[in-house]
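Dear colleague,

Please find below the structure I would like to hand over to you.

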Amino acid sequence: MKPAAARPGAGPSASSPGTGLPTGGPQASHSGHENVTNEGDTVIFQPTCAPVPLAPESVPMQPAPADRTPAAAATALTLLDRDHSILSFNERVLDWARRPEVPLIERLRYLCIVSSNLDEFFEVRAAPHLIASSAGDQKGAYTIESFERLAEAAHTLVARQYALYNDELMPTFAKHGIHIISHGERNPAQRKWVSEYFEREVRPLLIPVGLDPAHPFPQVANKSLNFIVRLGGKDAFGRENPIQIVKVPRVLPRVIRMPAKVSDGKTLFVALSSVVRAHLSSMFPGREVGDFSQFRVTRHSDLAVDEEDVKNLRTALRQGLQHRHYGQAVRLEVSASCAESLASFLLAQFNLPQQALYRVHGPVNLARLTQLIDLLEEPQLLFPPYSASYPVTLSPAQSFFERLQHGDVLIHQPFESFDGVLAFLREAVQDPQVLAIKQTIYRTGTDSELMDLLREAVRRGKEVTVVVELKARFDEEANINWAEMLESIGAQVVYGVVGLKTHAKMLLVTRREGKQMRRYGHLSTGNYNPRTARLYTDISHLTADPLLTADMEAVFVHLASQSRLPKLNRMWLAPFDLHKNLVAQIDALGLAAATGEPTRIVAKMNALTDDALVAALMRAGQNGVKIDLIVRGACTLPAQVPGLTDNIRVRSVIGRFLEHSRVFYFRNGEDESLYLSSADWMNRNMMRRIELAWPVTDPGLRQRLIDECLVAYLHDGRDAWDLGGDGIYTRVDHDTHSGEAGASPIVEAHGAQAALMNRYASRGHHPDAPSN
């Protein structure tokens, strides 16, 4: 691939100090700080300093098994293990829950996020290790050893979670008059209220199941709250069936706020598990309650459907959803005080080894404490509200079609509002000259204005084609429902290519203008989901570029008809040429570096686990290419290994918002190119998905992306973590720079996200912009 034409002044003299990236123009500082400059801004991103390890929390990731890395064999370097890298990412998220400067409720939110992430990790990643261990496998990617190492790392992370919850968060909440009170802490009035609540709201929904030959162990749903109880005495028929299971319905709230009349001026809550526990005896009249424990089982939940062998994928997936809650058990959580006999009984019932047992000092479902967050009315314990600015290069009064005829538009979410994208679609729906709208849907949520707009477009007689990805993990049901709704009103709904997920994000509008048709497009690194657009960092790209929109049209035709894809003008498309073009681009820079050309790669993504891309990066680095990788989550490439990856730096940035944008920058001498993409550098994205990467050719927009998505993150002095060759991430910690020469008085050791929030907050807000 020949890189795009160089921006004037993009040579080495225009590079940012310490990054090798071009700066944004004459306002850029060259005094040891780095301005992210656009239209004269002076938000300063401090340069990185030596990272500070967070011992003992920073733990090394395990190396991958030797036969896991054939692409790296020539380098004699063993890659890091993907699953341990995912757990390491969650350690970095947990760090936000540890930080005393983070508002208290937000600290609890991060703790809940880690729990939710761990649930998904076990649902998706644990089963192969468990199966291999049960089979006694000692060779391959999944073995007895891999299971034991993974279980050890997971147990360590869970223990840190509950220690933080019990030793720091709950005592700090108590200092603010906020308590989750146990049965032993309740006074008589509070116990009376809880008893009345139990009788009114809970008991009618509980049916204990006694285990005997006629009543085998009941089906227990994935991640549901349950109790196991050992009873003394005999049942109504004189039999000694001691074990009872109490399943707690999901419809019941997991946290209940007590009324002011019994709260003694405090903010008091009770956990549902505590309510049930306090009334177990009343549920078994005439029997003596002995040992008992709450428990929760996590099951493998990745839907497996053989698309080649089903006649209707939608029907097959809907049937699969009915069984997802009862897949193979992979983890068992019980109370720390659970009797060994009960724990062993449960392990046997779920066919789990001892390492799959997690004894926890607190509620077994920490993720459900988000309900506590929703019940609290303490704004001083939350992040200050952030309102996204209306996209700065758009005017609500100007037609999108007129604006895009004068040049492309970028929207940097969530700093700029996703409402700009909705406004574009809204205008397309209302414009009588718009004849057709085509869109991909991966995740859009259950309540979506965007889908309502597509429905309105059909009602107005426009040709609406929607490519719905039914296999978007954990969004299958919502997507099936949207597909059925759109089909029922006459939209053309297609499900992409058999065997491939459609992960590309595209919206294409065809408009009659005089005697010709003109296309307008929206491409994005993120999903068409207004909720996550307020929480994830992503780039939206609006364009009328005839070459780029022609590529979009070709991809839509390919997805609908599965006809042969023509040669695309600008786009790289997986699984066809995205992977090979990336490898070729990296290798070309390696060859150029070997001849003495100044070269640079900076790539921002969510995960880097593809062996071939890792190997290409290592080859390029060994040839002299300076490489910076900004990888939020899993990364299998060990950076800064002497003699092997000296020229490669890897950092992860964990902030208030979830880093989600994919930005790839390549520089060869005076030539530079920059691509946006829907794809992470993972094998599944390159080989088993429909993914896009497309160039940003406008020099001003390209520079804006360099400044805001790359330079800013390379100079993050607060929320960044650097990866070492041993697999240990160490946090970059600058404390404060407010007293340094040249530092902005309004930015004190901000991370990249905080500086961008300051930048866009200063530009005013559109009245319809959502608040975060």
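Leu231 has Val289 of strand β9 standing opposite. The model in which this pair occurs is a predicted one. The strands concerned are β5, covering residues 225-232, and β9, covering residues 288-299, which pair in the antiparallel sense over six bridges. Both belong to an open sheet of six strands with mixed pairing, in the order β4-β6-β5-β9-β10-β11. The edges are taken by β4 (209-210) and β11; each has a single partner strand, so one side of each is left without a neighbour in the sheet. Helix α9 packs on this sheet, where it touches β5, β6 (243-248), β9, β10 (329-335) and β11. The direction of α9 makes about 125 degrees with that of β5.

**Salt bridges**

Side chains of opposite charge can pair when their charged atoms come close. In this model the count of salt bridges comes to 40.

Because Glu340 lies in helix α9 (residues 340-349) and Arg359 in strand β11 (residues 357-360), the pair ties together parts that are 19 residues apart in sequence. Glu340 is partly exposed at 45% relative accessibility, and Arg359 is also partly exposed, with a relative accessible area of 31%.

A salt-bridge network joins Asp95, Arg99, Arg718, Asp719 and Arg731 through shared partners. Within it, the side chains of Asp95 and Arg99 meet at 3.0 Å, N to O. Asp95 has a relative accessible area of 5% and is therefore buried, the limit being under 20%. Arg99 is buried as well, with a relative accessible area of 2%.

A further salt bridge connects Arg98 with Glu91, the closest N and O atoms lying 3.6 Å apart. Glu91 counts as buried, at 9% relative accessibility.

**The loop between β7 and β8**

Ser263 is found in the loop between β7 (255-257) and β8 (267-271). Is Ser263 buried or exposed? With a relative accessible area of 1%, Ser263 is buried. A polar atom of its side chain lies 2.7 Å from the backbone oxygen of Pro259 and 3.4 Å from the backbone oxygen of Met258. Leaving aside residues up to four places away in sequence, Ser263 touches Met258 and Leu268.

Asp264 is found in this loop between β7 and β8 too. In contrast to the buried Ser263, Asp264 is exposed, with a relative accessible area of 57%.

**Backbone geometry**

Most residues other than glycine have a negative phi, and most peptide bonds are trans.

- Asp264 is not a glycine, yet has a positive phi of about 55 degrees.
- Asn351, likewise not a glycine, has a positive phi of about 55 degrees. Asn351 is placed in the loop between α9 and β11 and is exposed, with a relative accessible area of 67%.
- The peptide bond from Gln413 to Pro414 is cis, with omega near 0 degrees. Pro414 lies in the loop between β12 (409-413) and α12 (419-430).
- Ala574 and Pro575 are joined by a cis peptide bond with omega of about 10 degrees. Pro575 is located in the loop between β20 (572-574) and α16 (578-594).

**Cysteines**

How many disulfides does the structure hold? The number is zero. Cys112 counts as buried, at 3% relative accessibility, and Cys338 is buried with a relative accessible area of 4%.

**The chain as a whole**

The secondary structure comes to 20 helices and 29 strands. Of the 772 residues of the chain, 59% count as buried. Among contacts in the chain with a separation of 6 or more, 73% are accounted for by residues 24 or more positions apart.

With kind regards

Methods:
Residues are numbered from 1 along each chain as its sequence is written. This is a predicted model: local features need pLDDT of at least 70, side-chain atom pairs count only at pLDDT 80 or more; totals for chains, interfaces and linings use all residues. Side-chain values use heavy atoms; hydrogens and water are left out. A salt bridge is a side-chain nitrogen of Lys or Arg within 4 Å of a carboxyl oxygen of Asp or Glu. Buried means under 20% relative accessible area, exposed over 50%, partly exposed in between (1.4 Å probe, protein chains only). Helices (H or I, at least four residues) and strands (E, at least two) are DSSP runs, numbered from the N terminus. A polar contact is a pair of N or O atoms within 3.5 Å; within protein, one must be able to donate a hydrogen and the other to accept it, and residues adjacent in sequence count only if both atoms are side-chain atoms. Contact means heavy atoms within 4.5 Å. A disulfide is a pair of cysteine sulfur atoms within 2.5 Å. Two strands pair if DSSP finds at least two bridges between them. Axes are lines fitted to C-alpha atoms, for helices over the stretch in contact, and angles run from 0 to 180 degrees between N-to-C directions.
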